[in-house]
Amino acid sequence: MNNIMIGRFVPGSSWVHRLDPRTKMIVTFVFIFVMLFASSWATYALSAAFVILAIRLTQQPFKLYWDGLKPIFWLILFTVVLQLFLTPGTPVVFHVGPLQVTWPGILNAIYVMIRFTLIILMSTIMTLSTPPTSIANALESLLAPLNKIHVPVAELALMLSIALRFVPLLMDETQKIMNAQKSRGMSFSTGGPIKRARAIVPLLIPLFVGALQRALDLANAMEIRGFKDAASRTKYRVLLYGRQDVVAFIGTLIFVLIFIGIKISGV
Amino acid sequence: MAITFEQVNFSYGAGTTLANPILHDINITIADHQVTAIIGQTGSGKSTLIQHLNGLLKPTTGQVTVDDLIVTNATKEKQLTKLRAKVGMVFQFPENQLFANTVLEDVMYGPLNFGYQTDEAKQSAQSALKMVNVAENLWQNSPFELSGGQMRRVAMAGALASNPDIVVMDEPAAGLDPKGQAELLELVANLRQSGKLVVFISHQMDHVVSVADQVIVMQDGHVAVQGTPADVFNRDIDWFKSVNLDLPRAGQFAEQLRANGVSLSRRPLTLTELATMLNEEHKHE
């Protein structure tokens, strides 16, 4: 439970931590979008350099990011294997039964692995350097234009920030209930698949009961403090773009321009 | 059936960048057939310590021995089932663990997991429910229909039903009304009488002096002191302030008396003891 890095915030005061959350979100989305067009070694090298620079700017050890990649290792491996065997073309390198591994397949597999890794690292940089509530605020601010077509953006953002706030609580709760049931002899590792699936019931029911109770408590606590609707609330932390955000945007722009340059020149 | 800790260190996330050391060089022996209270301020490592008693946490280095079972960092999960059958664990707010359709089924969950036959499990569940005073007419109710105090008792019965030799409780009195607290202390005394080893965490020193044979004081992940209540609670008053602990009510009263010029030969633990000592030592004043 303690080593899941995806979506985890690590407090700090690095240059990246101090960026406006909207900046981080926009840069991350731009990066992911650009990555979809990466198709050569040069473009991957450029993107990797951009990610490594961003990681350095968070002043967190590389090992932290490495730990963050571990849980999705199998997902990456799965996509890589798919690419490896299912890309048609010539020359064929070798056969495994009806499956053939082609040279473009190998290349594609490596590309996909790099692309996947870079995208996840970039998103990790954002979540690692931004508290969940700031992410929700940024989303609210960025989606504000949708208010015009009557999308309840503020409500959605509040729901998101509450949901994010509950993640660590529910993880704690799961751990506690698991400990209690383990103490009563619960075991996930014995018996057939049906028995194993049934073993989850004593975990899920208390978790749901607890989550509903918590939600009711929170609703009461919000109401007695005068909550009416999310839209008319003001913010304690007002989001303001600063000089470093301009630097970040210019840096990203340069990255995108070089990227386009490489694509056009066909390297 | 004694428990020993030898040079136990524990960190959360050991070996990662976020390693968070909690326990440092714990060496203790918890004697059989006795009640041991663990006290110490919040965050001193009490809950982490007791989770080592049934292998929920394994020491990062060092070893924990419970009876003839040894738990080290290398112990496999499967080997711990035997240990967990021996140790009944009652967590903080144990009512959060209830899940079954009826009270009885919930209490039977532990015994069934530990290999009891259905009718054996039923019998031991019934006697556990009687031990914690849950009225028989509630046994077929849903545990979620009960009051908070009743849920607590059912959860305790759940831990006692597999008839463990060792009973561990993490702040069992938290949030109970005075009657519930008195019944809890009686339960602890009964468990001791029936020959069990009981370990409990408490913030209420009056509970500690009324039932504990041994006291372990935790501070910043170390064992600060281990001894009988009389030893521990006769330590220097400044030491108590340094570990952020209170004296039992009788001790506090004696300190007030001393500040006002009435000194006693030692610090009394209970109000009865205080009264007796006042009577003996200051009869002719």
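Q: In this predicted model, how far apart are the end C-alpha atoms of helix α8 (residues 153–183) of chain A?
A: Let's start from the residue count: α8(A) has 31 residues. At 1.5 Å a residue, the helix should span 45 Å, and the model agrees with that. The end C-alpha atoms are 45 Å apart.

Q: Where in α8(A) does a kink lie?
A: Look for the proline Pro168(A) in this helix. A kink of about 30° comes shortly before that proline. The residue at the kink is Val167(A).

Q: How many residues does chain B bring to its contact with chain A, and how many of them are nonpolar?
A: Chain A gives 24 residues to this contact and chain B gives 26. Helices α2 (80–86), α3 (103–113) and α5 (148–160) of chain B each supply at least two residues of that side. By class, the side of chain B has eleven polar and three charged residues, and its nonpolar residues number twelve.

Q: Is helix α2 (residues 21–35) of chain A roughly parallel or roughly antiparallel to helix α11 (residues 243–265) of chain A?
A: The axes of the two helices are 10 Å apart, at an angle of about 5°. Angles under 35 degrees count as roughly parallel. Therefore α2(A) and α11(A) are roughly parallel.

Key: Residues are numbered from 1 along each chain as its sequence is written. Chains are lettered from A and ligands numbered from 1 in the order in which they are written. This is a predicted model: local features need pLDDT of at least 70, side-chain atom pairs count only at pLDDT 80 or more; totals for chains, interfaces and linings use all residues. Two residues are in contact if their C-beta atoms, placed from the backbone, lie within 7 Å. Helices (H or I, at least four residues) and strands (E, at least two) are DSSP runs, numbered from the N terminus. Ala, Val, Leu, Ile, Met, Phe, Trp, Tyr, Cys and Pro count as nonpolar, Asp, Glu, Lys and Arg as charged, and the others, Gly among them, as polar. Axes are lines fitted to C-alpha atoms, for helices over the stretch in contact, and angles run from 0 to 180 degrees between N-to-C directions. Angles under 35 degrees count as roughly parallel, over 145 as roughly antiparallel, 65 to 115 as roughly perpendicular and the rest as oblique. The expected span of a helix is 1.5 Å times one less than its number of residues. The bend at a residue is the angle between axes fitted to the seven residues ending there and the seven starting there.
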